[in-house]
Each structure stands twice: as structure tokens, then as C-alpha cells.
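Hello,

Here is the structure I promised to pass on to you.

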Amino acid sequence: MKTRILVTGGTGYIGSHTVVELQAQGFEVIIIDNLSNSDKNVLDGIAAISGEKPAFEQVDLRDEKATAEVFQKYPNIEAVIHFAAYKAVGESVEKPLDYYENNIGSLVNLLKCMRTYEVPNMVFSSSCTVYGQPESLPVTENAPVQPAASPYGNTKQIGEEILQDAINAYPELNAISLRYFNPVGAHDSALIGELPKGVPLNLVPFITQTAIGIREKLNVYGSDYNTVDGTCIRDYIHVVDLAKAHIIAAERMLQKKGKAAYEFFNLGTGTGSSVLQVIQAFEKVSGESLNYQLTDRRPGDVEQIWADTTFANEELGWKSERDLDNMMATAWKWEQALKERVAAI
Ligand code: NAD
Ligand code: WQD
């Protein structure tokens, strides 16, 4: 019998890539998603890659009863990988209560269901945003968590605290928080990828949409930072590398290899890239010349951050494999595939 894993937010960007990796490793996947930020067609993309359509339940995790019914319908779930959340930083400043209700409420409901249905393990999507601007770089897991810069960031910090408190109180529970740096790129097949709704807020989808002609020009936010070329530095990580870490984290708990019931790891490449370096990599692999201009800083941006990945490499046994060129090449292939799909409609 296959090991059954529940993936919340499984039709979303990182979730869909993780579902494909789980299927490749022989797990049975159940997806819960309310489709608030994804499309049901993603299931076709997943099936086209793996040959297998995962079980899908269109359920809102804020609805505890409906969530419990999924646990009842699929007994013996062994781990939950919890991606489902709202993730737009700026929107969270305008609608903080929606963010707390969704990101915290969903997590609490899930943990209650996990207790009731005796599901012991959770992998939680956290973020490097918990570090704010770290005092020293690269940033390790021992760096202090900084006061959150946004309600969104706060939901990740509170989420980690909820997990820690729940595990202290209920020894049967285990959890691993994965602190993602900047996930980019798409599956090599270009059958799944990132689907931003409206104008993208993140750098890489904005680059690919500009190159394909959906946007006129990329604004590079700030060129007077104290960095190699004046633009901000981030640790971009390929979404497929990131997806694979979730399988390793789930297996670590299933095989009881963890050193503690609650653990957290950085997921990055360990290398920082400036905005201009990202643009250069994109231009090189795509052969396109990008229309961009240097503009004012974006309020709230961290100047520079990249991960120390030693702990993830040595303790979790995970290492990123793909470089920035591959991230840009797959992001570009995905954008082109999307255009072809729209043209075919
Ligand atoms: P995404 O929006 O593509 O996927 C999230 C999915 O969750 C969507 O399909 C959405 O419909 C679903 N969802 C949201 N609320 C729900 C609810 N109440 N019930 C059921 N489904 C719900 O986002 P993503 O980029 O794949 O991010 C996944 C996780 O990783 C999120 O928790 C996000 O905060 C975290 N994260 C993302 C990034 C990033 O840059 N993409 C960085 C760090 C952390
Ligand atoms: C990257 C760099 C921008 C757009 C956000 C969240 C964070 C995390 C990841 C979830 C920055 C610059 C961007 C543009 C630009 N999400 N940029 N022009 O800011 O690192 O993090 O997503 O946890 O919480 O805050 O990612 O992709 O928005 O920006 O110059 O049009 O690109 O200033 O330096 P960021 P990003």
C-alpha cells in the first residue's frame, strides 16, 4: 500500500511541483485546495507529467467541518504538507484580518484534524521573511527572528510558534518548517509553473511577462543599495529543488530520523544574486533583450539576504542542484507555453 500524504494548496505553484515529486517517489497524494489562487486545470498538468491524477477535494481549510470530512474520507494519512495560504505581502497590509483568518485559521483547523484523526506529521511552508534584514550573511537558522515587516510575514512567524506550542503540548505531533528563500522557475516539461493572478509582484514572473510582451517594462526597484551593483540581493531557488526538499522532510518524520519533534531548515542555494544579475541571466538564456529601467526603492524591501544552507545540506540531507540559468530558462519556457495555450483557445 502506498503511503498517503495530504497536500494543502496542492494546485498552487510550489504545491503542484511537490505533488509531482511525491508521485514520482511512489506516494499517494490527496490535494485540498479552495482554488482561491489556482486553477483546476493544474491537475491536468500534473497528470500529464506523472500519468496519474491525484485525488482532489475543493475545500476551504477555514471550514473545519469540511476539512475534517476529508480526513474521514481518506483514512490513514501519514503526513500533511501544508502550502495553503495567502501570500501577497502588500495585500496583507491592506487586509490583515483576511490574512490572519486564512493563514492562522487554516493551520489551527488542520492541526485539530490531525489530532482527531491521528495524523502525526506536518511539513509547513515558512519563509526567509522571518529573518527580516539579518545582521550577518549568509543567514543561519540560529539568526534571530525579527519583528515582522508585514501581516503576511507575521502569519509565518506565528505559524511556526503555533507548531512549536502544539508539539510541546501534544507529544504525538511532529513538524518541520521549511524557510523558503525565493522560489522561481518551473517544471522542465512546462506543463506546470507559476500562475500569478493580475500584475505579478515578484521579480521573475514580471521579467518573463515583460519579455513576452504582456508588460511594457520592468521597474528595477532601487539601484543605490550597498551591494555589488546597487540592486537588492536574494537567494533564488528552483521550485523543483524546493519541491524535493518536502519529500525528504516528510520521510524524515515518517522514518523518525529527526533530532527533535519540531525542526526548521533554510531552503536556498546559498548564493545571492542581484536584480541586475537575474536580468542578465534571463537575457543570456532567452536571447531576449529585456526592457527595464532603474527606479526608486520599493518600500519595505530587505537590502540583501541569502541562506546558509549547511544545516539543510548536512542534517536534512538536501541540496539544491539547479543554477540561476536553469531557473530563468525554465521560467521562460513556461511563459512561452502559457502564451501558446492562450493562443490556442
Ligand atoms: P500559491 O498561491 O500558488 O499556492 C497556495 C495555494 O493554496 C493556492 O492554490 C490557493 O488556492 C490555496 N489556498 C489558499 N488558501 C486556502 C484555503 N483557505 N483553503 C484551501 N486552499 C487554500 O502559493 P505558493 O507560491 O505555491 O506558496 C505556497 C506556500 O509557500 C504558501 O504558504 C506561501 O506563503 C509559502 N511561501 C511562498 C513563497 C513564494 O515566493 N512563492 C516564499 C516563501 C513561502
Ligand atoms: C525580488 C527582488 C525587488 C519586482 C517576496 C516576499 C517574501 C517571499 C518572497 C513569501 C527585490 C526586486 C521585484 C519588480 C524589482 N514570499 N523587484 N522589480 O521581495 O524577496 O520577497 O517574495 O514568503 O515574503 O516579500 O521577492 O520577487 O518581490 O523581489 O526590482 O517588479 O526583485 O525589489 O529586490 P522578495 P520579489
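**V42 and its surroundings**

Leaving aside residues up to four places away in sequence, V42 touches T11, S16, I192 and L195, where a contact means heavy atoms within 4.5 Å. Please keep in mind that this is a predicted model, in which local features need pLDDT of at least 70 and side-chain atom pairs count only at pLDDT 80 or more, while totals for chains, interfaces and linings use all residues. Residues are numbered from 1 along each chain as its sequence is written, chains are lettered from A and ligands numbered from 1 in the order in which they are written, and side-chain values use heavy atoms, with hydrogens and water left out.

V42 belongs to helix α2, which covers residues 42–50. Helices here are DSSP runs of H or I with at least four residues, strands are runs of E with at least two, and both are numbered from the N terminus. V42 counts as buried because its relative accessibility is 10%; buried means under 20% relative accessible area, exposed means over 50%, and partly exposed lies in between, with a 1.4 Å probe and protein chains only. From V42 to Y221 there are 179 residues in sequence and 32 Å in space, C-alpha to C-alpha.

**The chain as a whole**

The chain has eleven helices and 13 strands. Along the principal axes, the C-alpha atoms fill a box of roughly 55 × 50 × 40 Å.

Of the 345 residues, 52% count as buried. Among contacts between residues at least 6 apart in sequence, 80% join residues at least 24 apart. The chain exposes about 15400 Å², and carbon and sulfur atoms supply 48% of that area; accessible areas come from the Shrake-Rupley method with a 1.4 Å probe, and for residues only the protein chains shown count as cover.

**A pocket and a cavity**

Rolling a probe the size of a water molecule over the atoms shows where empty space is left. On a 1 Å grid over the protein atoms alone, a cavity is a set of points where a 1.4 Å probe fits but cannot get out, whereas a pocket is an open set with protein on both sides within 12 Å along at least five of seven lines; lining residues have an atom within 4 Å of a point. Grid points are joined across faces, edges and corners, and a volume is the space filled by probe spheres set on the points.

The second largest pocket has a volume of about 330 Å³. Its lining has 21 residues, with P196, Q209, I214, E335 and L338 nearest the centre. By class, the lining divides into 13 nonpolar, four polar and four charged residues. For these classes, Ala, Val, Leu, Ile, Met, Phe, Trp, Tyr, Cys and Pro count as nonpolar, Asp, Glu, Lys and Arg as charged, and the others, Gly among them, as polar.

Q209 sits in helix α7 and counts as buried, at 8% relative accessibility. Beyond residues up to four places away in sequence, Q209 touches P196, P200, I214, R215 and E335.

A search of the whole structure finds one cavity of 30 Å³ or more. The largest cavity holds about 40 Å³ of space, and its lining is H82, F83, A84, A85, N103, F124, T155 and K156.

**Backbone points to check**

Most residues other than glycine have a negative phi, and most peptide bonds are trans. Where are the exceptions I noted?

- The peptide bond from L137 to P138 is cis, with omega near -5°, and P138 is in the loop between β5 (121–127) and α6 (151–169).
- A190 has a positive phi, near 60°. This residue is in the loop between β7 (182–184) and α7, and is buried at 6% relative accessible area.
- K256 also has a positive phi, near 55°. The loop between α8 (239–254) and β11 (262–267) holds K256, which counts as exposed at 72% relative accessibility.

Best wishes
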